[in-house]
Amino acid sequence: MNNRITILLMLFIISLEGFSQESMMSDVDDAFLNKCVNLAMVNYPKRKVGDATVEKSKAQIAAATMSLFDILNAGYFYSPQKNQGLIYIPGGSGGTNNVVLSGFQFGVTVNLGNFLAKPANIKAAKADYKIAQAQSDDYKIELRNLVKSNYYDFIAAKKQLEIKSLAAKDFKSILTNAQSQFQNGTITLDIYTAAKSSSVSADVEVLEAEVAYLKSKNILESVIGTSIENVK
């Protein structure tokens, strides 16, 4: 009987190692993963910053284009009507009289410096827009990879929790059997203690797996902007 419990413990430990090597590929849900990626593209704060930067750069192109009108300065001059439409101002240059037309006089001046700078400003604004678009596209790829990585960590943590929970349950069965046999005097204290120690260790591993699972779930949810349960 002693050998029976010992053999059971040894076989179970070996089978547990086999469980740990079980593939998680069957647990990967590509449709669910794609939904997570789409949610991250909409909800992740850094992604929103990228979109805002692109929109800002686009608006700067329009602003730079409209600023072409800044090179023109319009003005007017008003002279009261006298002497039937002409005003003579004595003492002009060279001893002559300056003639100013009466009424409103309008004029337009061109700022040459601004005129030469505007094309360069528009070109720079367009370049900034292209840079913002490229950075946004690059971050889309980065964010997609981030979601996938966090999703795989979540699946792995979930799988580990399932395996360790199953192991803890089986260890409890072994402990219950060992306890009954120890009370009947059919196994030694060492064997009973080994079964109890294995069961306690399995419970501890379940707690650690639960923490790892919750952390991985929280990380994934922080990226997609909603709880896993809301992804449908």
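Colleague: Over which residues does pLDDT stay under 50?

Modeller: Over residues 83–89. pLDDT is the predictor's confidence in each residue, from 0 to 100, and this is a predicted model, in which local features need pLDDT of at least 70, side-chain atom pairs count only at pLDDT 80 or more, and totals for chains, interfaces and linings use all residues. Side-chain values use heavy atoms, leaving out hydrogens and water, and residues are numbered from 1 along each chain as its sequence is written.

Colleague: How many contacts beyond four places in sequence does the model have there?

Modeller: The model has 18 for residues 83–89; a contact means heavy atoms within 4.5 Å.

Colleague: Which elements have the lowest and highest confidence?

Modeller: Strand 2 (residues 86–89) is lowest, at a mean of 48, and helix 2 (residues 30–43) is highest, at 94. For the protein, the mean pLDDT is 77, and 68% of the residues reach 70 or more.

Colleague: Why is Ser 136 called buried?

Modeller: Buried means under 20% relative accessible area, exposed over 50%, and partly exposed in between (1.4 Å probe, protein chains only). Ser 136 has 7%, so Ser 136 counts as buried. Ser 136 lies in helix 4 (residues 112–183) and touches Arg 47, Asp 51 and Val 54, leaving aside residues up to four places away in sequence. Across the protein, 28% of the 232 residues are buried.

Colleague: What makes a set of residues a nonpolar core?

Modeller: The members are buried Ala, Val, Leu, Ile, Met, Phe, Trp, Tyr and Cys residues, joined through side-chain atoms within 4.5 Å. The largest core has 26 residues, of which Leu 143, Val 147 and Leu 220 touch the most other members. Helix 2, helix 4 and helix 5 (189–224) each give two or more residues to this core, and helix 4 supplies the largest share, 10 residues.

Colleague: Which residues does Leu 220 touch, not counting residues up to four places away in sequence?

Modeller: Val 147, Asn 150, Tyr 151, Phe 154 and Ile 228. There is also a second, separate core of seven residues, including Ile 174, Ile 187, Ile 191 and Ala 195.

Technical notes
Helices (H or I, at least four residues) and strands (E, at least two) are DSSP runs, numbered from the N terminus.
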